[in-house]
Amino acid sequence: MNIKYVWLNGLVLLAPQLAFSAEHVILVSVDGLRPEAIQQLGKEQLPAFFRFREQGAWTDNARTDFDYTRTLPNHASMMTARGVTGANGHGQSDNDMPELSTTLHNNTGKEAYVSSVFDVTHDHGLSTSLYASKSKFILYEQTYNEESGATDTTGADNGTDKIDYYLFRAPDRTANALITQYVEDMRKQHFNFSFLHITDTDGAGHGDRWRTPRYMDALIRVDGYLQKLFDLINSDVELSDTTIILVADHGGAGRSHGDETDYENYRIPFYVWASNPDGTAFALGGKELYELNQRTRMEPGTSRPDYNEVIQPIRNGDAANLALELLGLPAIPDASAMINAKQDLDIGL
Ligand SMILES: [Zn+2]
């Protein structure tokens, strides 16, 4: 990381500045992904996952939200850099199909606007998309559509619809058709920021159990989706400077993942891979993220730190402000968006 000097009210501040800036960021959430399953299957069966581990920056020991290991609460954290509960929380504790009128702004009755990675990206004139393989993700579209999105006060007015394109598709309860459509769309649209949600592993875990052969088959299928993303980046010169962030909303044990005190539920992977302008892998070198972030993040072992810890573990909620940093954009401005608010999660760039 380079250091630049910033003048602010007569004070000289040291601000970290990436030597690298991506024009495109793809944030992938693999629903119910257990890192042990990646380790168990290994490189031969999961070559795309291991591409992150060997060429990118990664950890198998990131954390979910403290209070919730469920889908909608944790995806809201990935988008808004907030935990779920408390004064700073985004408030989305419910995990069911939302009412048509429900948004992250009104879900607690507080009626406070909850800004997100979609707001900052869109307000700076960049394009955004959300591709989901569970229908309840309509919650986020309802939250950031033309009616519910905030007025754009940053530079030119890019409007209130913060998610340029939203698609839910899962005809066979997998993300296969969704990813195929995304790759096709991306060749034409080149969205600067994309959020992809992959349901396959969660479906197999609930339908059978976590880490059964059915779950492992789903994980191999997901590896194929990731390979399609790498192929997309490598085959389109306009996408050659793309970074992929891969996280999970929660793990899972037995047939469920609702117990937020269970290590197998709150432990998740956090992987990053970046490409050079020629489409080849950026030399991140397969570094472990806690080794890169010894001063700013705490390797939690098997523990479950809450938000009162001064030094936090790496969480799926780090993804929002990391994505913005990679796009050369500031963090989500609200004081409540505390996770990675300093954009100091170092991925070795
Ligand atoms: Zn989930």
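Author: A helix crossing is left-handed if the near helix is turned anticlockwise from the far one by less than a right angle, and right-handed if clockwise. This is a predicted model: local features need pLDDT of at least 70, side-chain atom pairs count only at pLDDT 80 or more, and totals for chains, interfaces and linings use all residues. Residues are numbered from 1 along each chain as its sequence is written.

Reader: At what angle do the axes of H1 and H8 cross?

Author: Helices are DSSP runs (H or I, at least four residues), as are strands (E, at least two), numbered from the N terminus. Axes are lines fitted to C-alpha atoms over the stretch in contact, with angles from 0 to 180 degrees between N-to-C directions. The axes of H1 (residues 35-45) and H8 come within 11 Å, and they cross at roughly 50°.

Reader: How does H1 lie to H8?

Author: Under 35 degrees is roughly parallel, over 145 roughly antiparallel, 65 to 115 roughly perpendicular, and the rest oblique. The crossing of H1 and H8 is right-handed. Their angle is roughly 50°, so H1 is to H8 oblique.

Reader: Which residues of H8 make the contact with H1?

Author: Contact here means C-beta atoms, placed from the backbone, within 7 Å. H1 brings Ala37, Leu41 and Gln45. The residues divide into 6 nonpolar, 1 polar and no charged. H8 supplies Tyr215, Met216, Leu219 and Ile220.

Reader: Is Pro213 buried or exposed?

Author: Pro213 sits in H8. A residue is buried with 20 or more other C-beta atoms within 10 Å of its own, exposed with 12 or fewer, and partly exposed in between. Pro213 has 9 such neighbours, so it counts as exposed.

Reader: How many residues of H11 are buried?

Author: H11 (residues 318-326) is largely enclosed by the rest of the structure.

Key: Contact = placed C-beta atoms within 7 Å. Nonpolar A, V, L, I, M, F, W, Y, C, P; charged D, E, K, R; others polar.
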